[in-house]
Amino acid sequence: MRSTLGLLCLCWAAADLGTLGGQHSAEDSCRQQLLANSSCCLDQHGDHDVLQRKIARPGTAWPCVPKDGCVSTEGRRGDDLISVPEDATCDSCRILFLHGGSWYYGSPVTDEYRALAAKLAHRTRCVVMLPDFPLLPVGKYVSILTASVKSLQFLSTYQVWESCRPSTPVNMFIGGDSSGGTTALSIVLRWKQDPDILPAHASFAGGIFWSPWTNLMCNTPEYITNAYMHGPPPTDISDHVGDIVFNQRPLENMASFRQNALEYVGSLQMLKDPIASPFFADSEWLGMGTTPALYFAVGSSETILGDTTILAEKAAANGARVVVDIFHGMWHDFPMYSDGCGSGQPLWPGQRAWNNTVEFVRVASIGASAGGAPGNAGGWPLIRYIYDESAQGRAGWFPSKSRPLLLEHGRVEAGGHPWLKALVFMLFGALVGQLVSVGCAPLRTAVQKLLATKRGSRAGPEEMAPLLEPNRVPRQYSSQAVTGRRIGVPRAQPA
Ligand SMILES: *[C@@H]1O[C@H](CO)[C@@H](O)[C@H](O)[C@H]1NC(C)=O
Ligand SMILES: *[C@@H]1O[C@H](CO)[C@@H](O)[C@H](O)[C@H]1NC(C)=O
């Protein structure tokens, strides 16, 4: 009797999952294909009312020579791709977008980045630049960062049309996916250290990051808790859980990430450098001056989920306005699959991530044009956990009200009723906060210095932490889960 009931329950659960899964044809289709080939199915269609210009700036050329270890497109490299919306004006916002690919792969014109650039320009109405920064082993952390800063400077004075002046005031954004997000965040930190890297006419309005890799130590807990696993055969796609893109065993996955990071930064100590590995930036780095508004989109099933959430928390605690969108069940770089991997249906979370990115750029531009945000005295990021609302069986689960994003000066708000009282209270709070923070700045700096010396004197010489304590390695990973599909080598590295 009991076993019959158990069987019934199992069948019911399977049927329920089946209907949920069955409705997810885009999601299922992407998952299935990604498992077979992790380089598959990127969005290919860029919108078309965008002019794309290839630019060869002096000093940017670099050689990609396979026998020297370059694994990307062979030959002379280094040309930028600039995408200009046809209705762009001299003062249109600008986005420098750094492509992912572990600093080994990718370029502005491969891996569908050309389409991504066109779509980003079309949808944000910003001028979008993708530089072809030097990849490993030619470029490493310092040279890649230097090249990217120069690209940002170039873009800030770029004359969209011949009649434009190079010193037209513009709002600048930085963006990147995966390892491109790492370098993009390094640029934010580099700018905080030295705001003069941008000319005075350019405001640093914001940063957009998709699945950024921020912790080059590669020891955030999701390497374990989001590790890929699938059920015993017979199995279907609903039995595959965790990170489907980086689907090695946890320790192997961490080790290959760390090896990749080491090649980028060059030494063990640099894995914790607060600029190279932005996860390690805290008050001394994030607390100084202002920080542009930051937007993150990340999948809840990624092994580098914590790379986003923890850094976002620190940035917000140090006064930045931060929005984090966590998309349930999504994989690494999922906004790049928003067309649905050839299934004929859009990938809803990918589309929502695009929409939210575009909305963020719009709202942050307005904030920056209104005089920029002074930053708050320290708070929390706005974190939104987003489910696929289009899936079958979820009607009535989610609020029916539209909830616009508001980035008030110095704080992030999820949109709602424009409550006059709350607004007055907020403005008053911001004013007092500003006065207090200005008044207390010298005292705070002194205390911070004192604390820093205290901490420094207590800490011994830096030692490398083991990847993780051996007893925390889950033992039951079936080797089947990780063999037979190491086909998509290129994107088996963090993209
Ligand atoms: C994986 O997909 C990429 C992109 O579509 C393709 O170029 C490559 O040949 C595929 N690899 C295999 C082994 O099918
Ligand atoms: C994205 O925005 C478009 C245009 O506003 C809208 O039609 C679509 O429903 C949105 N999709 C999602 C998933 O938010």
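I looked up Q52 to begin with, and its bridge partner in β4 is S83. Strands here are DSSP runs of E with at least two residues, helices are DSSP runs of H or I with at least four, and both are numbered from the N terminus. The model is a predicted one: local features need pLDDT of at least 70, side-chain atom pairs count only at pLDDT 80 or more, and totals for chains, interfaces and linings use all residues. Residues are numbered from 1 along each chain as its sequence is written, while chains are lettered from A and ligands numbered from 1 in the order in which they are written.

β1 and β4 run antiparallel and are joined by 6 bridges. I then followed β4 to strand β6 (residues 127-130), where 3 bridges join the two, again antiparallel. L81 has L130 in β6 as its bridge partner.

**The whole sheet**

I traced the strand order as β1-β4-β6-β5-β7-β8-β11-β12-β13, an open sheet of 9 strands with mixed pairing. Two strands pair if DSSP finds at least two bridges between them. The edges are β1 (50-55) and β13 (382-386); each has a single partner strand, so one side of each is left without a neighbour in the sheet. From one strand to the next, the twist averages 15°.

I checked what α10 lies across, and the list is β7 (170-177), β8 (202-210), β11 (293-299), β12 and β13. α10 runs at about 165° to β8; axes are lines fitted to C-alpha atoms, for helices over the stretch in contact, and angles run from 0 to 180 degrees between N-to-C directions.

The largest nonpolar core has 110 residues, and A117, V128, F173 and V322 have the most contacts inside it. Helix α10 (residues 348-369) gives the most to this core, with 8 residues. Such a core is a set of buried Ala, Val, Leu, Ile, Met, Phe, Trp, Tyr and Cys residues joined through C-beta atoms within 7 Å.

I took F173 as one case: leaving aside neighbours within four places in sequence, F173 is in contact with C93, R94, I95, C126, A205, G206, G207, I208 and V361. Contact means C-beta atoms, placed from the backbone, within 7 Å of each other.

**Loops and backbone**

In the loop between β6 and α4 (141-156) I found P137, and the peptide bond from L136 to P137 is cis, with omega near 0°. P134 is in the loop between β6 and α4 as well, and with 23 C-beta neighbours inside 10 Å it counts as buried. Leaving aside neighbours within four places in sequence, P134 is in contact with W62, G139, S143, I144 and A147. P134 and C70 are 64 residues apart in sequence and 9.9 Å apart in space, C-alpha to C-alpha.

I found another cis peptide bond from P233 to P234, with omega near 0°; P234 is in the loop between β9 (229-230) and β10 (240-241).

Two entries concern phi. S211 has a positive phi of about 45° although it is not a glycine; it lies in the loop between β8 and α6 (222-225) and counts as buried with 32 C-beta neighbours inside 10 Å. C341, also not a glycine, has a positive phi of about 55°; it lies in the loop between β12 and α10 and counts as buried with 24 C-beta neighbours inside 10 Å.

**Ligand 2**

Which residues surround ligand 2? I listed W348, Q351, R352 and N355, a residue being near a molecule if its C-beta atom, placed from the backbone, lies within 6 Å of it.

**Chain totals**

I counted 12 helices and 15 strands in the chain. Of its 495 residues, 43% count as buried. Among contacts between residues at least 6 apart in sequence, 80% join residues at least 24 apart.

Definitions and conventions. Buried ≥ 20, exposed ≤ 12 C-beta atoms within 10 Å, placed from the backbone. Contact = placed C-beta atoms within 7 Å.
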